[in-house]
Amino acid sequence: MFKLFYPCEYVESVFTIDYEKLYNKGYRGLIFDIDNTLVPHGNDSEERVDALFSWLHNLGFQTLLLSNNDEERVKRFLKNISSFYICDAQKPKPENYRKAVEMLDMKKEETVFIGDQVFTDILGANLSGLDSILVRFIGYDTETKIGIRRTVEKLLLKFYSYNKKCQNRLGNIQKRGKSDNAKEEIIL
């Protein structure tokens with residue numbers, strides 16, 4: 001039952017994913033959540049996120065943003081990024097995950113979803129048959145209030161940590177190394 005909520009991989013951030021390894025494994029499409037995955041909730045894109053997308057496109061990936069946000073918010077985020085997008089996605093419903101794969105003109109086996117929430121991002125990816133990568137959600141150090149969903153999510157991830165068969169199903173794609181931030185490795 002819990003396996004429906006388990007990601008294929010669990011990593012620190014989008015900047016610690018070994019995208020070259022994913023590419024060499026045959027992945028060509030990357031579907032991203034925005035808020036708390038790429039930037040803190042509601043923030044515009046940052047220079048390093050813009051650079052990440054540019055680098056991914058040069059590597060040969062196609063990208064798509066799948067967000068429950070409205071179009072105005074998604075377009076504001078995409079100001080310096082060229083990417084497909086679906087807004088008002090109603091995650092975790094699988095319909096727009098499948099539509100995202102179609103828009104990328106990919107097969108499910110060539111596409112991976114990257115997000116920060118188990119109950120929306122990962123559940124939706126799993127229901128649609130997509131491989132998934134869960135990243136630690138980006139929060140502010142000053143945040144002290146954690147919602148009930150994040151609390152239950154922590155419990156689920158505890159069970160996930162004991163189930164070795166469900167971990168590293170993409171081949172342990174988290175990069176290791178030094179960085180300017182103890183939790184992130186800059187890939188560029």
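Guide: First, the term. On a 1 Å grid over the protein atoms alone, a pocket is an open set of points where a 1.4 Å probe fits, with protein on both sides within 12 Å along at least five of seven lines. Lining residues have an atom within 4 Å of a point. Grid points are joined across faces, edges and corners, and a volume is the space filled by probe spheres set on the points.

The model is predicted: local features need pLDDT of at least 70, side-chain atom pairs count only at pLDDT 80 or more, and totals for chains, interfaces and linings use all residues. Residues are numbered from 1 along each chain as its sequence is written, and side-chain values use heavy atoms, without hydrogens and water.

The second largest pocket holds about 250 Å³ of space. Its lining has 14 residues. Nearest its centre lie Asp33, Asp35, Asn36, His41 and Gln117. Helix 5 (118-127) and helix 6 are the elements that each give two or more residues to this lining. Helices here are DSSP runs of H or I, at least four residues long, and strands are runs of E, at least two, numbered from the N terminus. The lining divides into seven polar, seven charged and no nonpolar residues. Asp, Glu, Lys and Arg count as charged; Ala, Val, Leu, Ile, Met, Phe, Trp, Tyr, Cys and Pro as nonpolar; the others, Gly among them, as polar.

Now the wider chain. It has six helices and six strands. From the N terminus they run β-α-β-α-β-α-β-α-β-α-β-α. Helix 6 spans residues 148-162 and also contains Phe159.
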